[in-house]
Amino acid sequence: MFDRHPKTALAAYLHGDLAPAERERVRAHLVRCDRCRIDAAADAATLKALAQDAAEIREPDWCAYRAEVYRKIAARRIAARSARRPSWSPRIRWASTAAAGAIAAAIVFFLFIVRQPHPGVPPVDQLAMEDAMGSAEVGMFRNYPMVEHLDLLENYDVIEHLDEISPADTANENRS
Amino acid sequence: MAESDEDLCRQVAEHNASAFETLLDRHQARAFRLACSILGNEADARDISQEAFVRLYESAGKFDGRSRFSTWFYRIVVNLCIDHTRRNKWWRKMVPFAAPDDDPDAPAIDPPSLEPGPDETAIRGEASRRLHEALAGLSPAQRAAVLLQTEEDLTSREIAGILNCSESTARVHIHRALAHLKKIMKQNG
């Protein structure tokens, strides 16, 4: 039995949606309750007005309607195909990747290998360097490994010419 | 014996054009009528219902057969209508109307209206116009629920399947929709 008014069940009752037991409960309540009976009548009138309104909708030309559906499907297919195709072909992508790799390798080669001192590089003018350095002892350049491990190299001229001094150069000087 | 909608949908998933044509023929009127009732605008209803068929064509493989085809397909229609209504509401909020200090002769910005155009109004008559004004005040879910019952003759269980909610929620939507419609129509006389 409904203790409360069957508000949300009324539309379903009017539409014949309720299970038999529930339908009987609502019917019994409507017999007793004037307010719910008035509400049910108002709901029925509104539902009828909505159903009548639907019948007034103008239907379109179905041939044109279907043609538009097929046109939209075709357009969607073309758009999907364009979206899937990559902007560059695989060959161009591989070529550009290879070119970038070659450039990077050339930079590394230049920075770390080409700049190594050649055997033909003339020895540094130690007297000129001694003048530039002031009181610094030139002799320490003969011992390149020691110079290499100096923590502080303040004279930029020393730093600038450091790469031109190698253990091989000092060895040649010793032999001569 | 005519093939069921569910079998036809499975054939559409296998790119059977004839199956799609049959489904289109069976459901175009209903889809258009439902969209028109929810949106209150025939041009939008045409676009939205056509979009639903495009989605059917593209997504037929996603129909798993656990529900009826009509439940699955009309869920697509209703969701598209609800999304369309929400997008239009956003547009209304973003585009300002004329301020009080603006030139009264200058045309105000007029965002797309959800209301029917003048020729539609003449055709439908005054009572219908009041009904549609009242329908415009419902939430998209309430509007869809009450129209699915009245125009498509669906049970509250079927409506719940389309709206992806419980049966009791679907009944609440219908109850609130009817309460609002009765109130507005009573106010308008």
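# Chat on a predicted two-chain model

Biologist: Asp44(B) first. Buried or exposed?
Modeller: Buried, with a relative accessible area of 18%. Keep in mind that this is a predicted model.

Biologist: Where does Asp44(B) sit?
Modeller: In helix H3 of chain B, residues 42-59.

Biologist: What does Asp44(B) touch?
Modeller: Leaving out residues up to four places away in sequence, Asp44(B) touches Leu39(B), His84(B) and Asn88(B).

Biologist: How many residues apart in sequence are Asp44(B) and His84(B)?
Modeller: 40. In space, their C-alpha atoms are 8.7 Å apart.

Biologist: Zoom out. What secondary structure does chain B have?
Modeller: 9 helices and 0 strands. From the N terminus, the order is α-α-α-α-α-α-α-α-α.

Biologist: And chain A, how many helices and strands?
Modeller: Chain A has 9 helices and 0 strands. Its pattern along the sequence reads α-α-α-α-α-α-α-α-α.

Biologist: What about accessible surface?
Modeller: Chain B exposes about 9,600 Å², with 51% of it from carbon and sulfur atoms. Chain A comes to about 12,600 Å², and carbon and sulfur atoms hold 59% of that.

Biologist: What share of the contacts joins residues at least 24 apart in sequence?
Modeller: Counting contacts with a separation of 6 or more, 60% in chain B join residues 24 or more positions apart. In chain A, 44% of the contacts between residues at least 6 apart join residues at least 24 apart.

Biologist: On to the cores. How many residues are in the largest nonpolar core?
Modeller: 61. The members that touch the most others are Phe20(B), Phe53(B), Leu56(B), Phe73(B), Val77(B), Val78(B) and Val146(B).

Biologist: Which helix of chain B gives the most to this core?
Modeller: Helix H2, residues 17-39, with 11 residues.

Biologist: Take Val77(B). What does Val77(B) touch?
Modeller: Ala31(B), Leu34(B), Ala35(B), Ile48(B) and Ala52(B), not counting residues up to four places away in sequence. There is another core apart from the 61-residue one. This other core has 9 residues, including Leu18(A), Val26(A), Leu30(A) and Cys33(A).

Biologist: Helix packing now. At what angle do H7(B) and H9(B) pack?
Modeller: About 95 degrees, with the axes 8 Å apart. That makes H7(B), residues 140-150, roughly perpendicular to H9(B), residues 167-187.

Biologist: Which residues make the contact?
Modeller: H7(B) brings Ala141(B), Gln142(B), Ala145(B), Val146(B) and Gln149(B). H9(B) brings Ala170(B), His173(B), Ile174(B), Arg176(B), Ala177(B) and Leu178(B).

Biologist: And what angle for H8(B) and H9(B)?
Modeller: About 100 degrees, with the axes 8 Å apart. These helices are therefore roughly perpendicular to each other. From H8(B), the contact residues are Ser156(B), Arg157(B), Ile159(B), Ala160(B) and Leu163(B). From H9(B), they are Glu167(B), Ala170(B), Arg171(B), His173(B) and Ile174(B).

Biologist: What about the loops there? Where is Asp153(B)?
Modeller: In the loop between H7 and H8 of chain B, with H8 spanning 156-163. Phi of Asp153(B) is positive, near 60 degrees, and the residue is not glycine. Most residues other than glycine have a negative phi.

Biologist: Is Asp153(B) buried or exposed?
Modeller: Exposed, with a relative accessible area of 55%.

Biologist: Next loop. What is phi of Asn164(B)?
Modeller: Near 60 degrees, a positive value in a non-glycine residue. Asn164(B) lies in the loop between H8 and H9 of chain B. Asn164(B) is exposed, at 62% relative accessible area.

Conventions:
Residues are numbered from 1 along each chain as its sequence is written. Chains are lettered from A and ligands numbered from 1 in the order in which they are written. This is a predicted model: local features need pLDDT of at least 70, side-chain atom pairs count only at pLDDT 80 or more; totals for chains, interfaces and linings use all residues. Side-chain values use heavy atoms; hydrogens and water are left out. Helices (H or I, at least four residues) and strands (E, at least two) are DSSP runs, numbered from the N terminus. Contact means heavy atoms within 4.5 Å. Accessible areas come from the Shrake-Rupley method with a 1.4 Å probe; for residues, only the protein chains shown count as cover. A nonpolar core is a set of buried Ala, Val, Leu, Ile, Met, Phe, Trp, Tyr and Cys residues joined through side-chain atoms within 4.5 Å. Buried means under 20% relative accessible area, exposed over 50%, partly exposed in between (1.4 Å probe, protein chains only). Axes are lines fitted to C-alpha atoms, for helices over the stretch in contact, and angles run from 0 to 180 degrees between N-to-C directions. Angles under 35 degrees count as roughly parallel, over 145 as roughly antiparallel, 65 to 115 as roughly perpendicular and the rest as oblique.
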